[in-house]
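Notebook open, viewer running. I'm jotting down what I look up as I go.

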Amino acid sequence: MHSVWEWVEREAVSVEAAVGAWAATLGVPCRSEIDARECPATFVRRVPISMARRFRVIPVRGERGIEMVVCDVEGYTFGDVVGRMLGEPLCYSVAPPSVIDSAINAGYQQQRGGANQLIESLEDSPELERLRSLVHRVDLLDVMGRAPVIQLVNMILFDAVQSGASDVHIQPYEDALVVRFRIDGILFDQFTIPKGTQEEMVSRIKVLGRMNIAEKRLPQDGRASVQVGDRQVDLRIASLPTSFGERVVIRLLEKSGRLLTLGELGMPEDRMTEFRRLIHLEHGLILVTGPTGAGKSTTLYAALQEINAKDRNILTIEDPIEYQLEGISQTQVSVKKGLTFASGLRSVLRQDPDIIMVGEIRDEETAEMAIQSALTGHLVFSTLHTNDAASAVTRLLDLGIEPYLVASSLRGVLAQRLVRRICRECRRPTLVDSRAWKQLGATGSEKTRQMAYRGEGCSECRRTGYRGRIGLFELMVCGEEIRGLIQRGADASRIRTAAQEHGMRLLREDGIAKIAAGWTTIEEVLRVAGTDEEER
């Protein structure tokens, strides 16, 4: 913090008064907000973000030409240097430090395309500079003065964060290194990098994740934190030896991202009402099922946020902890240290919990502990990897749990998938072959429906026609009949049929409703929920 602002804080002077006095002294206007989109690209390219932050300056184009926004004398002096560099006359204005800081972060986040330019320059580079170690948290916006490979890794990660990618794949081939992004659940080839940079790039990523760069024959795991402006992103890094060198996958977890609420998941109103009733029960086991990447954790976090209250003691056991939940105690599984889901759950029960969330039921011991907890007055949330809601029952039985215990403890199962949303910018109505509806198992008037929607592809959706995702949901509530079937050891098909007779709608049926509403396409629902024939 600059000395003038230290004085402002110490003397308890309001920021508005200090900014007004400083503007009056200089004879320049005050600003309460800054549009970072008006920041000249030359400034972003040539001035390191560390300098812009240090002097708290940012230029913007306006009616008076280039306007240098500052907050103190140091920034005013540095502004003259920037003006000479830009080669244009400047005028000045004053804004509070927090406004300038936010504008700097937003302005530098707009830089795009740097990775491709750097990759091209590496083609002809005679030798690459050696890697330098960095502090634990790397600022991806501060790339100036870095070695080329460090710049390249930072820019790739920056592009991934800006694109909303969940994973970055560094995949070696015989003659090239391909970088792929997983966006909205789909992998896209993003960059092709010269083979000669493979060793340096993989080593750089391993240094970032505090992994052993000398060990290339065994898989390794690492983690790191990076910063993009005021956004903090956790990286989970995994390397795997292959025939063409080490392959690396980086999972991106944005810690500062806003968690979704139950109402934002896309759950139909009737299922939302029933699910809310379930999560407010005093005890019992509630499961969320689906494959990896189906959004199970997001749903559980949304449920925990909804029922979080000061008079409830909520504890979680997770692997990994994806988001920090205020007011909830979260524990990270550590197999190396002997802390598994089962042992962690045993310890959590000694903490007088009201509600427990177990990240995943993977084995018989964890399943037994979760069910015993549900039977002894606790509300327990967990996840399973099953294709639909009814299969969760048979999965528990396969793990060795007695049918009467499952029937007594299980209150409901929510199966879910994620489908890509049609881009709202390029969405257009389209004709649909009625056979496609039949393939989904549509009934009645749905079979002859001729119109649906499709994204044509635009710059907002990377020409894919899709932007963002929405959930498909199948909620099975365990009433008396379902519990009776479980206790008699009925198979998943009989349980599913009984649940449908009591109002359960299948994933595919929810998909049909979302197609008709213009949220997604037939191809997306078929991709994640399959066809009616496949189920039979």
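This is a predicted model: local features need pLDDT of at least 70, side-chain atom pairs count only at pLDDT 80 or more; totals for chains, interfaces and linings use all residues.

How much accessible surface does the chain have, and what percentage of it belongs to carbon and sulfur atoms? I get about 25400 Å² for the chain, with 47% belonging to carbon and sulfur atoms. Accessible areas here are Shrake-Rupley values with a 1.4 Å probe, and for residues only the protein chains shown count as cover.

Residues are numbered from 1 along each chain as its sequence is written, and side-chain values use heavy atoms, with hydrogens and water left out.

**Whole chain.** I looked up burial next: 50% of the 536 residues count as buried (under 20% relative accessible area; exposed is over 50%, partly exposed in between; 1.4 Å probe, protein chains only). The secondary structure comes to 21 helices and 19 strands (DSSP runs numbered from the N terminus: helices are H or I with at least four residues, strands E with at least two). I also checked contacts (heavy atoms within 4.5 Å): of those between residues at least 6 apart in sequence, 65% join residues at least 24 apart.

I started with S1 (residues 58-62), which runs antiparallel to S2 with 5 bridges joining them (strands pair if DSSP finds at least two bridges between them). A hairpin of 2 residues links S1 to S2, and I see Pro 59 opposite Met 68 in S2. S2 (residues 65-70) has 5 of its 6 residues buried, so the rest of the structure largely encloses it. S2 also pairs with S3 (residues 90-94), in the parallel sense, over 5 bridges; Val 70 has Val 94 as its bridge partner there. Between S2 and S3 the chain passes through helix H5 (residues 73-86), a right-handed β-α-β crossover (clockwise from the first strand over the helix to the second, with the strands pointing away from the viewer).

**Helix H9.** I count H9 (residues 198-208) as largely enclosed by the rest of the structure, because 8 of its 11 residues are buried. Among them are Met 201, Arg 204 and Lys 206. Just after H9, Arg 210 has a positive phi of about 55°.

Cys 91 is buried at 14%, whereas Cys 30 is partly exposed at 46%. Ala 18, in helix H2 (residues 15-26), is buried at 15%. Its C-alpha is 9.9 Å from that of Ala 95, 77 residues apart in sequence.
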